[in-house]
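Reader: I am new to this structure and would like to learn how to read it one feature at a time. Could we look at it together?

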Amino acid sequence: MTPAMPTASARRIPWTFVLFLVAAAIPALGSRYYTFLATDIVIFAMFATSLNLLLGVTGLVPFGHAAYFGVGAYVCAIFMKDLGLPFLPAWLMGGLGGALFAAIFGFFCVRLTSVYFSMLTMAFAQIVWAICFKWNDVTGGEQGYPNVPMPSLAWMEWIPWIGGLRTDQKFFYLTLILAALSIAAMRRIVHSPFGRVLTTIRDNAERAQFIGINVRLYRLIVFTLAGGFAGLAGGLFGIFNRGVFPDFCYWPKSAEVLIMTILGGIHNFWGPSLGAALLILLNQYIVSYTEFWPFVLGLILLVLLFAFPGGVAGAVSALARRAFSFIAKG
Amino acid sequence: MSELLDPVFLLGQLRSGLTTAMFLFLIASGLSLIFGVLKIINFAHGSLYMIGAYIAWNMTLVLGRTSLGFLGAVVVASLGVAALGFLVERFLLRFMYRREELYQLLFTYALVLIFSDACKFIWGTQPHSVSRPPLLSGSFDLLGVRFPHYDIFIILLGPIIAFGFWVLLNRTSYGRIIRAAALDREMLGALGTNVSWLYTGMFVLASFLAGLSGALVSPIKSVVPGMDVEIIIEAFIVVVIGGLGSLWGTLLGSLIYGLTLAFGILIFPRFSIFAAFVIMAAVLIVRPWGLMGRPVK
C-alpha cells in the first residue's frame with residue numbers, strides 16, 4: 001500500500017494543471033453529450049475525493065456519505081428557488097449545511113470504530129433520507145424538488161470565447177472552476193500538518209493517542225470537512241440534475257460513491273477522481289449495450305477485488321513505477 | 001386519538017406487529033449468524049431471500065396451488081438457495097475472510113448487484129404473487145379482530161426456529177464448535193477442527209434460512225425486483241438493535257422493530273420508518289454492540 005513515487009522527470013510536469021486544461025477543452029468539442037458527461041464526472045470527482053478524506057486519508061469507512069451530498073443539494077436548491085438567493089451564497093450555504101449535519105452526526109460517529117462507525121453513519125444517512133422522503137412541505141417528499149433554477153451566468157458574457165457558449169457549456173465551466181477550487185482545498189488539507197496527523201491516525205490510532213493527539217477531535221474535524229465538501233458537490237449536482245430527489249441520500253448512493261473511490265484507488269489523491277470518471281464512462285458505455293448495468297458493475301467489482309486490490313490508480317502507478325525504473329536502468 | 005384506547009384496533013396492530021417481527025426474525029437470524037461466526041456483514045442476504053421468493057413462485061406454477069405444492073415449493077426454494085450459498089462460499093467468499101472489512105462489504109455488495117440483475121433476467125420485472133396454501137388460507141376472529149391462519153403460522157414459526165437454534169448452539173457438540181469458532185478461529189483450527197468447512201456449513205445454513213423466509217413471504221408480499229434492498233435494511237436495523245451475532249438479541253430486535261412499526265403509526269403516522277432508524281442510531285450510540293450483543297474487537 002505504498003503510495004506512488006514518481007521519478008524526478010515525471011514530477012516536473014504539472015500534472016494537475018494539465019488535467020485542468022484537458023478538462024477545460026472538452027466543451028470545445030462542441031458536443032452536448034460530452035459536456036454533459038464531463039460535468040457529471042467533475043461533480044462526482046469532487047464528491048468521491050471528499051469521501052476519500054475519510055476513507056484513504058483517515059482510515060474510516062463511512063457508509064452514509066450520500067446524506068451530506070443530499071443535504072447540500074436540498075439546501076442549495078431551496079435557498080435558490082424558495083428564498084431567491086443568488087447561486088454563490090446558496091451554494092456555500094449548501095456546503096455549510098452538509099458540514100453542519102456532518103458535525104452533529106459526526107460527534108456520535110467518531111466515538112465508534114470499524115464496522116460500528118460504518119453502521120452508525122448509515123443509520124444517520126437513512127434518517128436524513130427518511131426526512132427528505134416524507135417532509136413534503138419543504139423537500140417535496142417522494143416527488144422530489146424539481147425545477148431548480150440555473151445560476152445566473154450573465155457575468156460570463158465578457159469572457160472571450162466562453163461568453164458566446166451555450167448555457168450547459170457555461171455551467172460546465174462554473175462547475176469546473178468551483179470543483180477545481182474545492183479539490184485544491186482538499187489537496188491542501190491532505191498535505192498540511194493536519195493531514196499528516198490524519199494519516200498517523202489511520203496507520204495507528206492507538207499510538208496517535210499515546211503521543212497526545214486528540215483522535216476523536218481530529219476525526220470529527222475531518223468528518224465535518226468531508227461533509228462540507230460533499231454538500232458543495234451536492235449543490236452543484238442538484239442544479240446540474242435540475243432537481244433534487246430523496247434518492248440522493250439513499251444508501252445505494254453511498255455505496256456508489258464508495259465504489260468509485262475504491263475503483264480509482266484510495267491511496268492516491270487522484271484515485272477517487274479517476275474512479276468517478278471510470279465509473280461514469282463505463283456506465284454510459286455499457287448502458288448503450290445492455291440494460292443490465294448493475295450486473296456488469298458487480299462483475300467489475302469482483303474482478304477489482306480479486307485482481308486489483310489497490311484500485312486502478314494503484315495498478316497504474318505500480319505499472320508506471322516499473323516502467324520508470326526500467327527506463328532509468330536503460 | 002381515541003384509537004389509542006380502542007382494544008380491537010390495538011389487538012389488530014399487535015397481530016400485524018408480531019407477524020412482521022417474526023418474519024424479520026427468520027431473515028435476520030441468518031444475517032446475525034453469519035456476522036457472529038464469519039464476522040462478515042452480508043448485504044447479499046437480502047438477495048438470497050429474494051431468490052428464494054422467486055424460486056417459490058416459479059415452483060408453485062410447476063407444482064400447482066395445493067398445500068402440498070406450496071410445501072414442495074418452499075422446500076425446493078430453501079434447498080436451492082442453500083446450494084447457491086454453498087457455491088458462493090466455496091468459490092468466492094472463502095477468499096475474502098482475511099481481507100479488510102471494506103473489501104468484504106464491497107464484495108457482498110457486488111453480489112447484491114449481480115443477483116438483482118440475474119433475477120430480472122430470469123424472472124422479469126413484473127410483480128408476481130403466490131396464493132396462500134389452502135390449508136392456511138382461512139382465518140378466525142378473536143374479539144372482533146381477524147387473525148389469518150397464515151399470520152398465526154408465521155408467529156409460531158419464529159419462536160420454533162429460535163428454539164431450534166438455541167438447541168443447536170447450546171445443547172449439541174456442533175453448537176460448541178460453532179461457539180468456539182465465533183470466539184477464536186485460529187485456536188479452533190489448531191485443535192483439529194476443519195474451520196473452513198465449518199464456515200461453509202454456517203453460510204449454507206444462513207442461506208437456507210434466507211431462502212426459507214423468501215419462500216414463506218411470497219404469499220404475503222408480492223415478489224418484485226427491489227425486495228432485496230428493502231428487506232436487507234430492515235434486517236440490518238433488527239440485527240443492530242439486538243446485537244450482531246446474538247440470537248436472542250435478534251429476536252428482541254425483531255420484536256422492537258415490528259411493534260415500533262405497528263404502534264408508531266398511532267403516534268406519528270408518516271414517520272414510523274423514521275422511528276426505526278432513530279432507535280437504531282440510539283442503540284449504536286449507547287451500546288454499539290447492540291442490546292444483547294458482545295463487543296467485538
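Reader: In which sense do strand 1 and strand 2 of chain B pair, and over how many bridges?

Author: As a general idea, side chains in a regular strand alternate between the two faces of the sheet. In this predicted model, strand 1 of chain B, residues 139–142, and strand 2 of chain B, residues 145–148, pair in the antiparallel sense, and four bridges join them. One of the residues to look for is B:L142, whose bridge partner in strand 2 of chain B is B:V145.

Reader: Which residue of this hairpin takes a positive phi?

Author: Two residues lie between the strands of the hairpin, and B:L143 takes a positive phi near 50°.

Reader: How many residues of chain B are in contact with chain A?

Author: On chain B 28 residues are in contact with 28 residues of chain A. Helix 4 (101–123), helix 9 (227–242) and helix 11 (272–286) of chain B each supply at least two residues of the side that touches chain A, and helix 4 of chain B gives the most, with 14 residues. That side of chain B divides into 24 nonpolar residues, one polar and three charged.

Reader: Which elements of chain A have the lowest and the highest mean pLDDT?

Author: Where pLDDT is low, the predicted coordinates should not be read in detail. Among the elements of chain A, the lowest mean, 58, belongs to helix 1 (residues 8–12), and the highest, 94, to helix 11 (residues 215–240). For chain A the mean pLDDT is 86, with 95% of its residues at 70 or more, while chain B has a mean of 86, with 96% of its residues at 70 or more. The model scores ipTM 0.83 and pTM 0.86.

How values were computed: Residues are numbered from 1 along each chain as its sequence is written. Chains are lettered from A and ligands numbered from 1 in the order in which they are written. This is a predicted model: local features need pLDDT of at least 70, side-chain atom pairs count only at pLDDT 80 or more; totals for chains, interfaces and linings use all residues. Two strands pair if DSSP finds at least two bridges between them. Two residues are in contact if their C-beta atoms, placed from the backbone, lie within 7 Å. Ala, Val, Leu, Ile, Met, Phe, Trp, Tyr, Cys and Pro count as nonpolar, Asp, Glu, Lys and Arg as charged, and the others, Gly among them, as polar. pLDDT is the predictor's confidence in each residue, from 0 to 100.
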